[in-house]
Amino acid sequence: MPCRVGDMDSISARFQPSVRIGNWVEENCLEEDKIVNFKKQRDRGELLVEKARTLYDNFHKEIVLAAPKQTIIFGAIVQLMPIHINISDMDTTDLNAALSVVINEKVVRKSQSINEDCELSVAPSKRPCVRNSFKIVSGDGRDRTGENIKYGQRFQLQCMASEHDPIVLYSGPKRCNLQQGVHATYLSHKNGELNLNLGLVHRSKFNCPDNDIPLAYTNWFCRHVDPKQRFESEGEDIPSNSPLVIVHATTNRNLAAENVLIQTLFGPEFLVSVQNYRNIYRHEIWKNVWMISNGHQTGSKSANSTSH
C-alpha cells in the first residue's frame, strides 16, 4: 500500500538529525558523573596533576647543608656524590650527581613524600634538596652529634623526611632462596648476577618483633680510597669533599654508581647498587669512589675526577 504524503512527513519529523537514539540518557548521566567526580577530586587535591605538583615541591624543597669543614661530623647534613661517572659520549664534569631518593610511579597516588616504597638513584644535583641530602647519625645508637667520623666507624644515612620516625638507608644480602633482600624496580647486574639493591626503612620498625630487617643492615663505614693506606688510616678523621669508598657493613660490599641510565619521574638518572668493582690491581674503580660533601666545591671535584 503506497505511503501518503502526510505519513512521509510524520516519519521525517520523527527521525530528524536532532532526534537522539541509543542509550543517550545513560551517556549523559555518565558524563555528568565524570564531571562531578572530577570536581570532587580537584577540591580534595586528589588529581594526579596536583599530586605530581605536590611531589615535586616536597622532593625539591631546598636543604641547607652543614657548614663546610675539613672533616665530616655526626649530625651533619651532607650529600653523597660520585667523584666521576664514566659514560661514553657524555660529559659528566658539571653533572654534580648525588645519591638521591626517587619515587615509583605506582606510589605517587598514595604518597607524595619520602616513604619506604621509594628507591635510590644517582641524579643530577643542581642544589641540595630533600631528595638528595642525608643526615649522618651514629650506627651504635649513641648520640655522637658533633664528633668527627673516623675511617671504619659505623654510621647511618637518614633521609630528610619525618623527624619523629626517621627513614634510614639500608641494604641486605640475598635470602636463602636467592631472592633479593631488598625489592627494587630498577635492577643492575655484574657478570650476569644481580647486584644488591638499596632500600628505605623506618627506624621504629627495628623495635618490632616481626621485623625481618636487622638494625645492622643500616650500618655503613668508609675506607681510604688507596688500599695501601687503609691500615694506617683506620681510626683517622674522614675528610670532606675527598675521594673515599663507602662500604655496607653487613655485606662488605661497596656503594656503587652504575653507568646505566633509567627513566624516572624526575628525568633520566643513573642506577645505584651495592657491589664491588675493582681492577686487576685490586683497586676500586670509579663506580666505587665517592665523596661526602658538606657544601661541595665544584673545582675540587673536577680535579679529583680528572685524577680518576
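## Strand pairing, cores and buried polar residues

The model is predicted, so local features need pLDDT of at least 70 and side-chain atom pairs count only at pLDDT 80 or more, while totals for chains, interfaces and linings use all residues. Residues are numbered from 1 along each chain as its sequence is written, and side-chain values use heavy atoms, with hydrogens and water left out.

**Overall picture**

- The protein's secondary structure comes to five helices and 14 strands; these are DSSP runs numbered from the N terminus, with helices being H or I of at least four residues and strands being E of at least two.
- Of the 308 residues in the protein, 44% are buried; buried means under 20% relative accessible area, exposed over 50%, and partly exposed in between, with a 1.4 Å probe and protein chains only.
- Looking at contacts between residues at least 6 apart in sequence, 69% join residues at least 24 apart; a contact means heavy atoms within 4.5 Å.

**Nonpolar cores**

- The largest nonpolar core has 54 residues, and Leu 99 and Ile 246 touch the most other members; such a core is a set of buried Ala, Val, Leu, Ile, Met, Phe, Trp, Tyr and Cys residues joined through side-chain atoms within 4.5 Å.
- Strand 2 (residues 97-102) gives the most to this core, with four residues.
- Another core, of six residues, lies apart from it and includes Val 168, Val 182, Val 201 and Ile 213.
- As general background, nonpolar side chains tend to be buried together in soluble globular proteins.
- Leaving out residues up to four places away in sequence, Leu 99 touches a set that includes Leu 80, Leu 120, Phe 134, Leu 169, Leu 198, Leu 255, Val 272 and Trp 290. Ser 121, Arg 131 and Asn 132 are also among the residues that Leu 99 touches.

**Phe 221 and the cysteines**

- Phe 221 sits in strand 10 (residues 220-224) and is buried, at 7% relative accessible area.
- Its C-alpha atom is separated by 6.2 Å from that of Phe 155, which is 66 residues apart from Phe 221 along the chain.
- Setting aside residues up to four places away in sequence, the contacts of Phe 221 include Gly 152, Phe 155, Val 245, Ile 246, Val 247 and Asn 252.
- Cys 129 is buried at 4% relative accessible area, and Cys 222 is buried at 1%.
- The structure holds zero disulfides, a disulfide being a pair of cysteine sulfur atoms within 2.5 Å.

- Four residues lie between the strands in the hairpin of strand 11 and strand 12, where Asn 252 takes a positive phi near 60°.
- Strand 12 also pairs with strand 13 (residues 267-274), in the antiparallel sense over seven bridges, and these two strands form a hairpin with two residues between them.

- His 248 belongs to strand 11, stands opposite Arg 253 in strand 12 and is buried at 0% relative accessible area.
- The side chain of His 248 reaches the backbone oxygen of Tyr 217 at 2.7 Å. This is a polar contact: a pair of N or O atoms within 3.5 Å where, within protein, one must be able to donate a hydrogen and the other to accept it, and residues adjacent in sequence count only if both atoms are side-chain atoms.
- Beyond neighbours within four places in sequence, His 248 is in contact with residues including Ser 171, Gly 172, Asn 219 and Val 274.
- Thr 250 lies in the loop between strand 11 and strand 12 and is partly exposed, at 35%.
- A polar atom of the Thr 250 side chain lies 2.9 Å from the backbone oxygen of Ala 216.
- Apart from neighbours within four places in sequence, Thr 250 is in contact with Pro 173, Ala 216 and Tyr 217.

**Asn 195**

- Asn 195 is found in the loop between strand 8 (193-194) and strand 9 (199-202).
- Is Asn 195 buried or exposed? Asn 195 is buried, with a relative accessible area of 0%.
- Its side chain makes a polar contact with the side chain of Gln 275 at 2.8 Å.
- Neighbours within four places in sequence aside, Asn 195 is in contact with residues including Gln 180, His 189, Glu 258, Ser 273 and Tyr 277.

Definitions and conventions. Two strands pair if DSSP finds at least two bridges between them.
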